[in-house]
Amino acid sequence: MGYKGLVMDIDGTLYNSDKRITEATRQAIFRAMDEGKIIAIASGRPTQGIADVCRRLEFAERGGCIMAWNGGRITDVRSGEIISETLLPEGVVADIAAFAAEHGVPVVAHTRDLFISETPEDELIQLEARLNCMTVEKTDSLPDYADQKFYKCVITGSDGKLAALEKTASIHFEGRLTVCRSEPYFLDFLPFGIDKAHGIDVLAEHFGLTKDDFIACGDGFNDLSMIKHAGLGVAMANAQEVVRQNAGYVTGSCDDDGLVAVIDHFLMA
């Protein structure tokens with residue numbers, strides 16, 4: 001007990017099935033903020049894709065941090081300070097594009113303000129763009145954008161195909177990139193060592209705390225690292241099975257205000 005901060009995922013955790021934050025969850029987070037607890041959002045989304053969450057939770061007024069791109073860019077919203085930023089290594093986007101072409105799957109690259117893809121018409125790329133309020137720019141050759149600053153690349157596909165491809169990609173890019181799924185149909189390629197567990201370490205150092213001072217709560221494959229790493233790892237009832245198996249506690253689902261129980265029973269205890 002005595003936890004000082006909560007790091008939470010968005011989709012399937014903070015958001016319910018209707019992609020909304022319930023008022024009960026919102027008020028519970030405000031109670032924690034009023035007690036001086038650190039509240040942070042950790043998501044595979046770009047910064048722009050977290051903007052509405054920040055507005056709803058009044059991060060600019062009350063204080064709060066965001067870990068965009070799975071911790072690739074960590075920001076204190078109220079001060080505007082970029083606490084940490086890590087980009088994909090120069091030239092690696094061309095290697096990811098070649099890997100995607102070899103396996104016949106679409107790929108999209110994330111810059112700060114834009115998605116870039118050779119196949120912008122792909123339904124899953126369009127879905128990701130809509131969820132994050134981002135524009136997808138079409139290119140005939142993704143490697144031609146070598147001078148851009150990229151935060152991550154995403155390969156899209158069916159659950160079964162990406163489950164197998166995740167293993168292949170992890171071996172192919174071992175020691176160069178972090179490879180994980182943010183959703184069953186999104187396979188993320190991130191700078192090596194960047195994940196939500198790393199984000200907790202960055203936050204802990206920034207605030208003069210340790211990882212054990214934090215609760216991490218999520219539901220997806222890319223939440224697994226922080227759930228195993230934090231002082232208390234919490235899985236939503238709707239979480240992937242492997243996430244539930246590795247959590248220290250399983251709370252209610254995102255449709256049953258599972259975060260409220262975590263805040264009331266652990267963070268405020």
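I began with helix H2, where Thr25, Arg26, Ala28, Ile29, Phe30, Ala32 and Met33 are buried. I note at once that the model is a predicted one.

**Entry 1. Helix H2**

I looked up the extent of H2: the helix covers residues 23-34, 12 residues in total. From its first C-alpha to its last it reaches 16 Å, close to the 16 Å expected at 1.5 Å a residue. I recalled that an α-helix has 3.6 residues a turn, so residues three or four places apart point the same way.

**Entry 2. The chain as a whole**

I then turned to the protein chain, which holds 11 helices and 14 strands. Its radius of gyration is 18 Å, close to the 18 Å that the globule rule gives for 269 residues, so the chain is as compact as a globular protein of that length. Along the principal axes, the C-alpha atoms fill a box of roughly 55 × 35 × 35 Å. I noted that 55% of the 269 residues count as buried. Of the contacts between residues at least 6 apart in sequence, 57% join residues at least 24 apart.

**Entry 3. The sheet of eight strands**

In what order do the eight strands of the open sheet stand? I read the order as E5-E4-E3-E2-E1-E12-E13-E14, with mixed pairing. Strands E5 (82-85) and E14 (249-250) stand at the edges with a single partner strand each, so one side of each is left without a neighbour in the sheet.

Strand E13 (residues 232-235) pairs with E14 in the parallel sense over two bridges, and valine 234 stands opposite tyrosine 249 in E14. Helix H8 (residues 196-207) packs on this sheet, touching E1, E2, E3 (65-68), E4 (73-76), E5 and E12 (214-218). The direction of H8 makes about 150 degrees with that of E3.

**Entry 4. The sheet of six strands**

I found an open sheet of six strands in the order E8-E7-E6-E9-E11-E10, again with mixed pairing. Its edge strands are E8 and E10 (177-183), each pairing on one side only. The twist averages 25 degrees from one strand to the next.

I examined strand E6 (residues 107-110) in detail. In a regular strand the side chains alternate between the two faces of the sheet. Are the faces of E6 covered or open? I found both covered: Val107 and Ala109 on one side, and Val108 and His110 on the other, are all buried.

I next listed the partners of E6:

- With strand E9 (residues 152-156), E6 pairs in the antiparallel sense over four bridges; valine 107 stands opposite isoleucine 155.
- With strand E7 (residues 115-117), E6 runs antiparallel and is joined by three bridges; alanine 109 stands opposite isoleucine 116.
- A hairpin of four residues joins E6 to E7.

E7 in turn runs parallel to E8, with three bridges between them, and isoleucine 116 stands opposite glutamate 137 in E8. Helix H7 (residues 159-172) packs on the sheet and touches E9, E10 and E11 (186-191). I noted that the direction of H7 makes about 165 degrees with that of E10.

Most residues other than glycine have a negative phi. I therefore recorded glutamate 58, partly exposed at a relative accessible area of 22%, which has a positive phi of about 55 degrees. Glutamate 58 is found in the loop between H3 and H4.

Cysteine 133 also has a positive phi of about 55 degrees without being a glycine. The residue lies in the loop between H6 (123-132) and E8 (136-138) and counts as exposed at 57% relative accessibility.

Cysteine 65 is buried, at 3% relative accessibility. For cysteine 153 the closest cysteine sulfur is in cysteine 180, at 13 Å, again too far for a bond. Cysteine 153 is buried as well, at 0% relative accessibility.

How values were computed: Residues are numbered from 1 along each chain as its sequence is written. This is a predicted model: local features need pLDDT of at least 70, side-chain atom pairs count only at pLDDT 80 or more; totals for chains, interfaces and linings use all residues. Side-chain values use heavy atoms; hydrogens and water are left out. The expected span of a helix is 1.5 Å times one less than its number of residues. Buried means under 20% relative accessible area, exposed over 50%, partly exposed in between (1.4 Å probe, protein chains only). A disulfide is a pair of cysteine sulfur atoms within 2.5 Å. Two strands pair if DSSP finds at least two bridges between them. Contact means heavy atoms within 4.5 Å. Axes are lines fitted to C-alpha atoms, for helices over the stretch in contact, and angles run from 0 to 180 degrees between N-to-C directions. The radius of gyration is taken over C-alpha atoms; the globule rule is 2.2 Å times the number of residues to the power 0.38.
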